[in-house]
Amino acid sequence: GTTLFIEPGIGFGTGLHETTQLCLAALAAWQSQGGSLDRVLDFGAGSGILGIAAAVRGARHVDAVEIDPLVHDAIRANAERNGAMERVAVLRDLACDGEPYALIFANIVAEVLLAHAGDVCRRLRRHADGSLAGCLILSGLLAEDVPAVARRYAEELRVEPAQTTAGDWHCLRFTGR
């Protein structure tokens with residue numbers, strides 16, 4: 001396991017929530033398959049816990065994207081508290097260009113996942129033939145959200161997700177080869 005020290009401040013994410021647990025388990029699964037953590041995106045970062053967890057587990061660079069600027073200081077403080085300050089950049093918006101990510105977390109409501117599906121998928125690493133090379137972890141999903149979100153992302157990524165559940169919450173993991 002990974003030990004993290006998180007002060008959520010006003011941001012969501014103490015590490016105890018089931019969606020966070022699901023995402024951390026998906027991170028461990030990706031790593032156990034030899035998945036890269038060189039560039040990670042935490043989209044809708046909240047307290048920054050997922051991106052910071054990836055940094056603690058060896059990620060070289062993490063972009064923590066959080067639209068609410070009021071939690072940016074909390075993300076930075078949490079990164080510092082966990083010795084990951086130099087590797088975590090806090091951003092207000094997802095850049096539309098730049099190097100693709102090996103791993104993307106998006107632990108947010110289905111409405112936001114659906115609205116940003118194209119942008120998120122475009123930022124995920126691909127092989128030369130266009131097939132998926134990275135890993136996308138989506139959570140914050142209730143049972144009724146899963147079909148539409150899974151369908152939208154599967155169409156975009158041409159990969160079916162692995163699904164995990166904890167309590168009422170669901171997590172979809174799209175993994176490249």
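## Arg158, out in the open

Let's start with Arg158, which is exposed at a relative accessible area of 58%. Here buried means under 20% relative accessible area, exposed means over 50%, and partly exposed is in between, using a 1.4 Å probe and protein chains only. Arg158 sits in the loop between helix H6 (146-157) and strand S6 (162-166). Helices (H or I, at least four residues) and strands (E, at least two) are DSSP runs, numbered from the N terminus.

Its backbone is worth a look too: Arg158 has a positive phi of about 55 degrees although it is not a glycine. As a rule, most residues other than glycine have a negative phi.

A word on the model: it is predicted, so local features need pLDDT of at least 70 and side-chain atom pairs count only at pLDDT 80 or more, while totals for chains, interfaces and linings use all residues. Residues are numbered from 1 along each chain as its sequence is written, and side-chain values use heavy atoms, with hydrogens and water left out.

## The chain as a whole

The protein chain has 6 helices and 7 strands, and from the N terminus on they run α-β-α-β-α-β-β-α-α-β-α-β-β. The radius of gyration is 15 Å, close to the 16 Å that the globule rule gives for 177 residues, so the chain is as compact as a globular protein of that length. That radius is taken over C-alpha atoms, and the rule is 2.2 Å times the number of residues to the power 0.38. Along the principal axes, the C-alpha atoms fill a box of roughly 40 × 35 × 30 Å.

Of the 177 residues, 51% count as buried. Among contacts (heavy atoms within 4.5 Å) with a separation of 6 or more, residues 24 or more positions apart account for 72%. The accessible surface comes to about 8100 Å², and 53% of it belongs to carbon and sulfur atoms; the areas come from the Shrake-Rupley method with a 1.4 Å probe, and for residues only the protein chains shown count as cover.

As for charge, the mean positions of the 16 positive and 22 negative charges are 7 Å apart. Lys and Arg count as positive and Asp and Glu as negative, with His and the chain ends not counted. Each charge is placed at NZ of Lys, CZ of Arg, CG of Asp or CD of Glu.

## Helix H2 and the glycine after it

Helix H2 (residues 49-56) has 7 of its 8 residues buried, so it is largely enclosed by the rest of the structure. The buried ones are Ile49, Leu50, Gly51, Ile52, Ala53, Ala54 and Ala55. They pack against helix H1 (18-32), strand S1 (39-43), strand S2 (61-65), helix H3 (72-81), strand S3 (88-91) and strand S4 (103-107).

H2 is followed by Gly58, whose phi is positive, near 115 degrees. Gly58 lies in the loop between H2 and S2 and, leaving aside neighbours within four places in sequence, is in contact with Leu37 and Arg87. Gly58 and Ala143 are 85 residues apart along the chain, with 32 Å between their C-alpha atoms.

## Two residues of H1

Thr19 lies in helix H1 and counts as buried at 1% relative accessibility. Its side chain makes a polar contact of 3.0 Å with the side chain of His17. For such a contact, a pair of N or O atoms must be within 3.5 Å; within protein, one must be able to donate a hydrogen and the other to accept it, and residues adjacent in sequence count only if both atoms are side-chain atoms. Thr19 and Ala166 are 147 residues apart in sequence, yet their C-alpha atoms are 7.4 Å apart.

Beyond residues up to four places away, Gln31 touches Leu37 and Arg57.

Leu114 has its place in helix H4 (residues 110-115) and is partly exposed, at 33%. Not counting residues up to four places away in sequence, Leu114 touches Ala148, Val149 and Arg152. With Arg152, the sequence gap is 38 residues and the C-alpha distance 7.2 Å.

Arg125 is found in the loop between helix H5 (117-122) and strand S5 (135-142). A polar atom of the Arg125 side chain lies 3.4 Å from the backbone oxygen of Pro100. Setting aside residues up to four places away, the residues that Arg125 touches include Ser36, Asp38, Glu99, Tyr101 and Leu132.
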